[in-house]
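Have the sequence and the viewer open side by side, and we'll go through it topic by topic.

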Amino acid sequence: MAETATNSIRVDLPVAIVTGATGGMGRLIVADLARDHRVIAVGRDQSILRQLAHEHGAEPFAADLAAVFDARVAAEMRDVADGAAGRESSGTSDRADDVASAEANGSGSGTDSMRGERDAIAELATVVDRVDVVVHAAAIARRNSVADAPAAEWQRHFSLNVGAPAALTAALLPKLRASHGIAVFINSGAGSNPQPGNAVYAMSKHALFGVVDSLRKEEANAGVRVTTVSPGPTDTPMLHEMNRGGTGSAGAETRAAEKAPKPVYEIIDPAEIARAVRFVVDAGPSTQITNVDVRPRIELGDRTLDAFDA
């Protein structure tokens, strides 16, 4: 079960669920929304979750959403394999019979097919009575080229950056529809402007654009507003870890550059991303902010050595 904060819960406040709450952007998004929302902070680092509860009244929910998504995929694939084996042994290929059998033995839904494992995605859909805002800030970023990327890296990036937010949003849709709520997906400049050596991360963010743009059209008449916020390079542990993880000569260059502090006009303060999310959440009821690009004042391709020098 989820951990809950010890402070009193304001049940009259709109409810926001923030994933990736223990990351560099997520913590600040939680802090900002907690000023006028009841916030469910979702993350893996339980010490930071406790800190968010103590400092901002957020309700901690410890979960690894990517692992849950992967478990769902594995269970569904086992169900498919079991169904195929059953049809082969019985000599029938009647899909209707197979579906009926799956429903009868409890393997026909994502939650039931977890086979005893905790399904935190399904749990999040029931932990509160209403959901007004969901912010998907959880992500993974590793430097990988197409030539060198292990198969597992493609899967890891897809699971956390695409599959988990899509599955969680689907689970929350009934409550988002009821509240005419907002779903905010933190994307990246890499989603529209990939760079060499960053293929796997860029793939996941390209895919996320497809999910979000489709969702916006699918839910337009249900009252759910859907937004993409796409930051450029932001001063977070994830960015620094990704830069340290480069390989070859390009990786050596990024590691060397990482040692020098960035000027404020070359890297974004994560507080600016929280402000961008706030801008989206505070949009009036007659509109939705569909895409917000947050860029450093001087982008990578436009930088010169004497830029902004006095």
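Let's start with helix α2, where the buried residues are I48, L49, L52 and A53. They sit on the same side of α2, because they cover an arc of only 145° around the axis. Keep in mind that this is a predicted model.

**The chain as a whole**

- You're looking at a protein chain with 10 helices and 7 strands.
- Of the 310 residues in the chain, 45% are buried.
- Take the contacts between residues at least 6 apart in sequence: 70% of them join residues at least 24 apart.

**The largest nonpolar core**

- This core has 31 residues, and the members touching the most other members are I29, V135, I186 and V229.
- Two or more residues each come from β1 (15–19), α1 (24–33), β2 (38–43), α2 (46–56), β4 (133–136), β5 (182–186), α10 (270–281) and β7 (291–294).
- Which element gives the largest share? That's α10, with 6 residues.
- Another core lies apart from this one; it has 29 residues, among them L65, V68, L124 and V128.

**Helix α1 and I29**

- α1 is mostly covered, with 7 of its 10 residues buried.
- The buried ones in α1 are G24, M25, G26, I29, V30, D32 and L33.
- I29 belongs to helix α1, and its relative accessibility is 1%, so I29 counts as buried (the cut-off is under 20%).
- Setting aside residues up to four places away in sequence, I29 touches V18, V135, A137, I186, A274 and V277.

**Helix α6: span and bend**

- How far apart are the end C-alpha atoms of α6? They are 40 Å apart, which agrees with the 42 Å that its 29 residues (residues 151–179) should span at 1.5 Å a residue.
- α6 bends by about 55° at L173, and the proline P174 follows within four residues.
- Just after α6, H180 takes a positive phi of about 50°, although H180 is not a glycine.
- As background, most residues other than glycine have a negative phi.
- H180 itself lies in the loop between α6 and β5.

- E153 sits in helix α6 and is buried, with a relative accessible area of 10%.
- The side chain of E153 makes a polar contact of 2.5 Å with the side chain of R156.
- Beyond its neighbours within four places in sequence, E153 is in contact with R142, N144 and V200.
- Which side chain does N161 make a polar contact with? The partner is the side chain of S204, at 2.9 Å.
- Not counting residues up to four places away in sequence, N161 touches A138, A139, I140, Y201, S204, K205 and L208.
- A164, another residue of helix α6, is buried with a relative accessible area of 1%.
- Leaving out neighbours within four places in sequence, A164 is in contact with L65, A66, F69, I121 and S159.
- A164 and H136 are 28 residues apart in sequence, and their C-alpha atoms are 9.2 Å apart in space.

Definitions and conventions. Residues are numbered from 1 along each chain as its sequence is written. This is a predicted model: local features need pLDDT of at least 70, side-chain atom pairs count only at pLDDT 80 or more; totals for chains, interfaces and linings use all residues. Side-chain values use heavy atoms; hydrogens and water are left out. The expected span of a helix is 1.5 Å times one less than its number of residues. The bend at a residue is the angle between axes fitted to the seven residues ending there and the seven starting there. A nonpolar core is a set of buried Ala, Val, Leu, Ile, Met, Phe, Trp, Tyr and Cys residues joined through side-chain atoms within 4.5 Å. Buried means under 20% relative accessible area, exposed over 50%, partly exposed in between (1.4 Å probe, protein chains only). A polar contact is a pair of N or O atoms within 3.5 Å; within protein, one must be able to donate a hydrogen and the other to accept it, and residues adjacent in sequence count only if both atoms are side-chain atoms. Contact means heavy atoms within 4.5 Å. The arc is that of the directions from the helix axis to the C-beta atoms.
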